[in-house]
Amino acid sequence: MKIAFPVDTRSAGACIYKSFGRAPAFLVYDTQTQKSLFVDNSAASSQGGAGIKAAQLVLDQQTDAVIAPQCGQNAADVLLAAGVRIYLSEGCSVGDNIKAHTEGLLKELSDIHAGYHGHGVK
Amino acid sequence: MKIAVLSGKGGTGKTLVSVNLAAAAGKAVYTDCDVEEPNGHLFFKPAITGEKEINVAVPRVDKDLCNGCRKCVDFCNFNALAYIKDGLLIFDDICHSCGGCVSICPEKALHEEYRNIGVIKIGTSGKTIIATGIMNTGESSGIPIIKGLLSLDHPKDFIEFIDCPPGSSCAVMESIRDADYCLMVVEPTLFGTHNFRMVHELAALFKKPHSVIMNKCSVHYMPVEEYCKENNIPVLVRIPYDPLLGSLNSDGLIAARENAAYRDFFTDLLEKVLKEVLHEAAPHS
């Protein structure tokens, strides 16, 4: 399976980023090949709807799960409709979170926030 | 003639000023563009003569025709569309009703439907025409309602006072776009000064002639006075911090109609405003 993380930079020491839609990049980890790749988040600079576009980018990587500290309503709508599961990250290390996920220790993210910038509030 | 009344923050007295100026003018239009929380009608209590529903277009997809090419998703600058395994997801709140996705779709799988976001109510109070925009709770943009309000036809000899939303965002820009003049109501506090500077920059950016009305004045508040002086902004009046005015206002009464002294005060202010507007308009006419 493939797991996507919002990350602050495209490098080995990348940290999990606090925002999903506005993250500078995504790290996509393939549990079968145990390889990871970086995808630029072209949604980060969007005026609005960043969460929707970022979720689309992540889906286009055939992602099965997202691990993030939080997720906005619109992004979650897209991800969940596509059957992607969203897990709550613990700490900033991608490696630690992959390990925790493999061991089944991560909780599903249930607290979806309403989004920022006046959009996404229902 | 359209005069926009604006301020950087809420609670400075935009409605007080625009309601009382319109009441003092009599043959005037009071247009409430603060569509998230319109309150001018609470003072005028107008007899409603007409209503206009405001609807906006949103795309809808015919699943049988959509082949998942995603041209619409890529086209939408607002990111209102996403394509997932089951088909197209449409976010109505994010959509700006530009119609681009519908016209770009090669399969003609998209069409527009209309959804209601609010209403405009038109009424009269004495000789004054009252136009109020009311946005439905939960909507994120009142711009289409403001556009509707400012495209209403009114008698040519009526002065229109536009009660703007607070702040300096898109909704304020839309409200002042066609205005001939901007009246900026300033509250003499540090917060008021900061936000006043933001609307002043906006009025200057739009190249609108403008002046200042200070409200709730007990002393000359130097940060505002100095800013106006440095930027050559005329201060038309300093409305006193008067318990009588406050209590008339909180009872939903129009001071210019209820109280002789305030009738004179706002009639004088109206004359000053009109003199400024005509003076500013003269070089261009």
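**The second largest cavity and its surroundings**

Mentor: The lining of the second largest cavity divides into nine nonpolar, two polar and three charged residues. In this classification Ala, Val, Leu, Ile, Met, Phe, Trp, Tyr, Cys and Pro are nonpolar, Asp, Glu, Lys and Arg are charged, and the others, Gly among them, are polar. The model is predicted, so local features need pLDDT of at least 70 and side-chain atom pairs count only at pLDDT 80 or more, while totals for chains, interfaces and linings use all residues. Residues are numbered from 1 along each chain as its sequence is written, chains are lettered from A and ligands numbered from 1 in the order in which they are written, and side-chain values use heavy atoms, with hydrogens and water left out.

Altogether 14 residues line this second largest cavity, and those nearest its centre are Cys66(B), Cys69(B), Arg70(B), Cys72(B) and Cys105(B). The space amounts to about 100 Å³. A cavity is a set of points, on a 1 Å grid over the protein atoms alone, where a 1.4 Å probe fits but cannot get out; a pocket is an open set with protein on both sides within 12 Å along at least five of seven lines; and a lining residue has an atom within 4 Å of a point. Grid points are joined across faces, edges and corners, and the volume is the space filled by probe spheres set on the points.

E3(B) gives the most, three residues. By class, the lining of the largest cavity has 11 nonpolar residues, four polar and one charged.

With a disulfide taken as a pair of cysteine sulfur atoms within 2.5 Å, the count over all chains is one. That disulfide joins Cys15(A) to Cys92(A), with an S to S distance of 1.7 Å. The torsion about its S-S bond is about -100°, so the disulfide is left-handed. Cys15(A) lies in the loop between strand E1 (2-7) and strand E2 (25-30) of chain A, and Cys92(A) in the loop between strand E5 (85-88) and helix H3 (94-102) of chain A, so the pair ties together parts 77 residues apart in sequence.

As for burial, residues are buried under 20% relative accessible area, exposed over 50% and partly exposed in between (1.4 Å probe, protein chains only). Cys92(A) is partly exposed at 36% relative accessibility. Cys71(A) has its closest cysteine sulfur in Cys15(A), at 19 Å, too far for a bond, and Cys71(A) is buried at 1%. Cys105(B) is likewise in no disulfide: the nearest cysteine sulfur, that of Cys69(B), is 6.1 Å away. At 12% relative accessibility, Cys105(B) is buried.

The largest pocket has a volume of about 910 Å³. It is lined by 32 residues, with His96(B), Ser140(B), Ser141(B), Ile143(B) and Cys170(B) nearest its centre. Strand E6 (110-125), helix H5 (143-150) and helix H6 (170-176) of chain B are the elements that give two or more residues to this lining, and the largest share, four residues, comes from H5(B). The pocket lining has 13 nonpolar, 11 polar and eight charged residues.

His210(B) is in strand E10 (residues 210-217) and is buried, with a relative accessible area of 16%. Its side chain makes a polar contact (a pair of N or O atoms within 3.5 Å; within protein, one must be able to donate a hydrogen and the other to accept it, and residues adjacent in sequence count only if both atoms are side-chain atoms) with the side chain of His200(B), at 3.4 Å. The side chain of His210(B) also reaches the backbone oxygen of Lys208(B) at 2.7 Å.
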